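Trainee: I have a new structure open and I'd like to talk through it. Can we start with the helices?

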Amino acid sequence: MLRTPESNTEPMWLVIIRLLRWHKPEGRLILMIPALWAVFLAASGKPPLPLVGVIALGTIATSAAGCIVNDLWDRDIDPQVERTRSRPLASRALSVKVGIVVAIVAMFCAAVLAFYLNPLSFWLCVAAVPVILLYPGAKRVFPVPQLVLSIAWGFGVLISWSAVTQNLSQPTWLLWGATVMWTLGFDTVYAMSDREDDRRINVNSSALFFGDRAPLAIGIFFAATIFFLTWLGILMHLKYAFWITLAIAAVGWVWQYLQLIKKDLPNPVYAQMFKQNVWIGFIVLAGMIAGSF
């Protein structure tokens with residue numbers, strides 16, 4: 001049997017949708033945003049539409065594979081965490097064998113799309129694979145596993161930028177730095193909701209590593225994001241639309257910091273802040289596109 005009796009009321013395709021996390025699109029979109037930042041900036045706001053499609057589909061496939069790999073690593077840990085105990089592999093709604101098969105299909109789809117890219121971008125895709133596969137294990141041995149995730153997120157910038165220009169330049173690395181800092185910020189926010197469970201089952205997270213200083217660390221990460229994006233905007237001579245949206249993003253991040261320094265925030269607030277960062281990312285994307293002309 002692939003599912004427990006309790007899960008038999010749910011169609012298999014819906015269980016697989018939950019395995020892929022497609023019922024929670026914000027997690028897929030927030031991975032896509034830095035890749036879109038890169039492809040639009042590298043192409044001065046006018047990338048080829050087929051390339052945009054490849055990058056969008058590639059991030060969806062890669063994210064799906066990453067989620068399944070994460071759940072395979074954590075299938076015995078997730079049942080002990082309130083937020084994750086209903087995941088298909090944790091709840092045994094799907095078998096490990098099915099999880100592996102779906103992960104292979106997702107990776108195959110990502111690989112097919114990668115062949116559309118130039119050699120540099122293709123090999124950057126290859127280089128990203130070990131980071132994606134090893135990230136879930138980082139929480140067991142590395143005190144700040146969110147940094148590993150941030151580096152994995154940063155590959156989206158390197159791949160997408162080089163897909164347009166066939167090289168990596170100073171603006172690429174500034175955008176990479178902004179992406180790493182932003183990811184550290186919003187994923188530390190997300191990790192704050194799991195602090196008690198993570199402490200109890202003895203896994204690492206940036207929220208536990210920074211402890212009471214986690215809100216300050218998040219504020220610093222968001223400030224660094226603003227710094228890198230400002231430097232990037234100056235270097236690329238982006239026009240006023242970009243600066244307006246960056247100002248809006250800065251206000252959003254400052255507001256989140258001011259909320260985080262409050263004591264005893266209810267756990268749902270952290271998930272709400274994570275979702276707010278999706279909107280912030282798209283607002284900045286709009287400014288990058290408009291500011292490139």
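Trainee: What covers the buried residues of α4?
Mentor: The cover includes α1 (12–20), α3 (49–73) and α5 (119–141). Keep in mind that this is a predicted model.

Trainee: Which residues of α4 are the buried ones?
Mentor: They are Val 98, Gly 99, Val 102, Ala 103, Ala 106, Ala 110, Leu 113 and Ala 114. They cover an arc of only 160° around the axis, so they sit on the same side of α4.

Trainee: Why do residues three or four places apart point the same way?
Mentor: Because an α-helix has 3.6 residues a turn.

Trainee: And which residues are exposed on the other side of α4?
Mentor: Lys 97, Ile 104 and Phe 108 are exposed there.

Trainee: Now α12. What should that one span?
Mentor: The 24 residues of α12, 267–290, should span 34 Å. Its end C-alpha atoms are 36 Å apart, and that agrees as well.

Trainee: What covers the buried residues of α12?
Mentor: The cover includes α2 (25–42), α7 (170–191), α8 (195–201), α10 (214–235) and α11 (240–260). Among the buried residues of α12 are Tyr 270, Phe 274, Asn 277 and Met 288.

Trainee: Something else: is Thr 225 buried or exposed?
Mentor: Thr 225, in helix α10, is buried, because its relative accessible area is 0%. Leaving out residues up to four places away in sequence, Thr 225 touches Ala 178, Met 181, Trp 182 and Trp 253.

Trainee: Where is Leu 117 found?
Mentor: In the loop between α4 and α5. Leu 117 has 15% relative accessibility, and buried means under 20%, so Leu 117 counts as buried.

Trainee: Which residues does Leu 117 touch?
Mentor: Not counting residues up to four places away in sequence, Leu 117 touches Leu 51, Val 54, Phe 122, Cys 125, Ile 159 and Ala 163. Leu 117 and Val 54 are 63 residues apart in sequence, with their C-alpha atoms 8.7 Å apart.

Trainee: Last topic. Where is confidence lowest and where is it highest?
Mentor: Confidence is lowest in α8, at a mean of 88, and highest in α10, at 98. Over residues 1–7, though, the pLDDT is below 50. Where pLDDT is low, the predicted coordinates should not be read in detail.

Trainee: What is the mean pLDDT of the chain?
Mentor: The mean is 92, and 97% of the residues reach 70 or more.

Key:
Residues numbered from 1 in each chain as written. Predicted model: local features only at pLDDT ≥ 70, side-chain atom pairs only at ≥ 80, totals over all residues. Heavy atoms only, no water. Buried < 20%, exposed > 50% of the residue type's maximum accessible area, 1.4 Å probe, protein only. Helix = DSSP H or I, 4+ residues; strand = E, 2+ residues; numbered from the N terminus. Arc of directions from axis to C-beta. Contact = heavy atoms within 4.5 Å. Expected span 1.5 Å × (residues − 1). pLDDT = per-residue confidence, 0-100.
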